[in-house]
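Please keep the sequence and the 3D view at hand while reading.

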Amino acid sequence: MRRHCRLDCYVANKVIDDPLWNKEFGNKTGYTPNDILGVPLKARGNILGVIEVLNKKEGEPFEKRDMDILTALSLRISTILEKIKLFIELDRSVKQFATLAEVGTLLNSTLDQAAIRRRAMEAITRLMNAEAGSLLLVDDEEKELYFEVALGEKGDKVKEIRLKIGEGIAGWVAEHGESLLIPDVRKDPRFYRLADEKTDFVTRDMACVPVKVKDKTIGVLEAINRLEGVFTEDDIKLFQLFSNQVAIALDNARLYEEIRETFFATAEALAEAIEKRDTYTGGHTKRVVHYSLAAAQYLNLLPRDLELLKLSAILHDIGKIGVEDRVLRKPGKLDDEEARLMKMHPSIGADIMQHIKRLKDIIPGMKYHHERNDGKGYPDGLRGGDIPIIARIIAVADAYDAMTTDRSYRNKLPHRAAIDEIQKEAGVQFDREVAEAFVRAFETGKIEG
Ligand SMILES: [Fe+2]
């Protein structure tokens, strides 16, 4: 046996006598090598593979010339292989960034926090080429992490799991605010086995990043089991970029929700301030809002109309700001002139609102809440379907509250009697469909009796 290595090459005759020889090759192929020449495939200092040639024709041993030719060939092959590898990596990066841009647009196309969380969770598997993904949120009070969104048949079991901050891999990420790349979770003592046990899922590798809003960790994103190979540092960088987008989208939605709540609270405060001038209507606005929304559950309104209904109900009597105290606060029945002044309040309210761009859409519901189905209402004497649906709903809610609260000139009716009155007036004073929805809301306990 002759063996020597020169310039990283391996040359031998009687290779089967070399302890380095893998006998399995001969056993499996039935081929008996004698002479062998091997050169490495190298690119940028990395070994990509090895080229071997066996048994030169005519039984000649391999010579220096053979070595030079194979080395030159290996250089060419290495260069081509390296280019292919770089091309594949580049192609993968381009695809990943395209997905990142796509899911980023999707996240920012809504201001609904629950929708953002669900979309973020759904995007993880696509973006990270992973088998599964999770979004855990931090519960500040309990100092725990919980699965806000868990999809699929195992979702409910996953939702039962809560991790202490610091517990498990996600808990570690939440505590330290840093990403983690775990190529083999079984070897990581932080791995929380209970989640797999509860769901019969086998976690192999994981990429885990914090979701941070202004340096505060509000959640953790996990990508589980890469579908090809294991997660890399490049994957983690991409995942962190995605997490930043999730954080921005969630923070925008939270700010929008805060502004929206402030807006509603301001409208309520305004309505209550005006209500205070009235002698008898304590809590009237709140009740009309509640009754209107309860009846609307049986009327198939669009979410946008429900929002308008709520705001219109809050502000329906705002025009009373323009009604004099002697009329508004008069104990007992109003005379004709006083009634005429009082009946101006829907139009006054509409006049006020038309100056506020954001509130223009509530004018129809507010202006026509005293119209009647039979056309005998005010201010315009509209009939039936000409009356906007929001106004038809507020009309029933307003009347029900008027009947079930005391007035200076009459005592309140029992709730059941007021409901009977609404049923009697269905198709006359009130819209039939709205009256029926109101009765259903009462009978199912959504309007307390
Ligand atoms: Fe009114």
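## A buried alanine and its surroundings

A174 lies in helix α5, which runs over residues 168-176. The model is a predicted one, and in it A174 counts as buried, because 27 C-beta neighbours lie inside 10 Å and the cut-off for a buried residue is 20 or more. Leaving aside residues up to four places away in sequence, A174 touches V138, L145, I165, P210, T217 and V220. A174 and G384, by contrast, are 210 residues apart in sequence, and their C-alpha atoms are 58 Å apart in space.

## Domains and cores

The protein chain is divided into domain 1 (2-84), domain 2 (108-254) and domain 3 (276-443). The centres of domain 2 and domain 3, taken over C-alpha atoms, are separated by 49 Å.

In soluble globular proteins, nonpolar side chains tend to be buried together. The largest nonpolar core here has 44 residues, and the members that touch the most other members are A170, C208, V220, A223 and V246. Helix α7 (residues 233-275) supplies the largest share of this core, with eight residues. For V246, the contacts are L107, A120, V211 and L221, again not counting residues up to four places away in sequence. Apart from this core lies another, of 42 residues, which includes L309, M353, M366 and F442.

Which residues of α16 are buried? They are V434, A435, A437, F438, A441 and F442, and because they cover an arc of only 160° around the axis, they are on the same side of α16. These buried residues pack against α8 (284-296), α14 (389-403) and α15 (415-425). The length of helix α16 (residues 432-443) agrees with expectation, because twelve residues at 1.5 Å a residue should span 16 Å and the end C-alpha atoms are 16 Å apart. After α16 comes G445, whose phi is positive, near 80°.

Helix α8 has 13 residues and reaches 18 Å from its first C-alpha to its last, close to the 18 Å expected at 1.5 Å a residue. Its buried residues are T285, R287, V288, V289, Y291, S292, A294, A295 and A296, and the buried residues of α8 pack against α7, α9 (303-315), α14 and α16.

## Backbone angles in the loops

Most residues other than glycine have a negative phi, and most peptide bonds are trans.

| Residue | Phi | Loop | C-beta atoms within 10 Å |
|---|---|---|---|
| K214 | about 50° | between β9 (206-213) and β10 (216-226) | 7 other C-beta atoms |

P379 lies in the loop between α13 (363-367) and α14.

How values were computed
Residues numbered from 1 in each chain as written. Predicted model: local features only at pLDDT ≥ 70, side-chain atom pairs only at ≥ 80, totals over all residues. Domains from an automatic or database assignment. Helix = DSSP H or I, 4+ residues; strand = E, 2+ residues; numbered from the N terminus. Expected span 1.5 Å × (residues − 1). Buried ≥ 20, exposed ≤ 12 C-beta atoms within 10 Å, placed from the backbone. Arc of directions from axis to C-beta. Contact = placed C-beta atoms within 7 Å. Core = buried A, V, L, I, M, F, W, Y, C linked by C-beta atoms within 7 Å.
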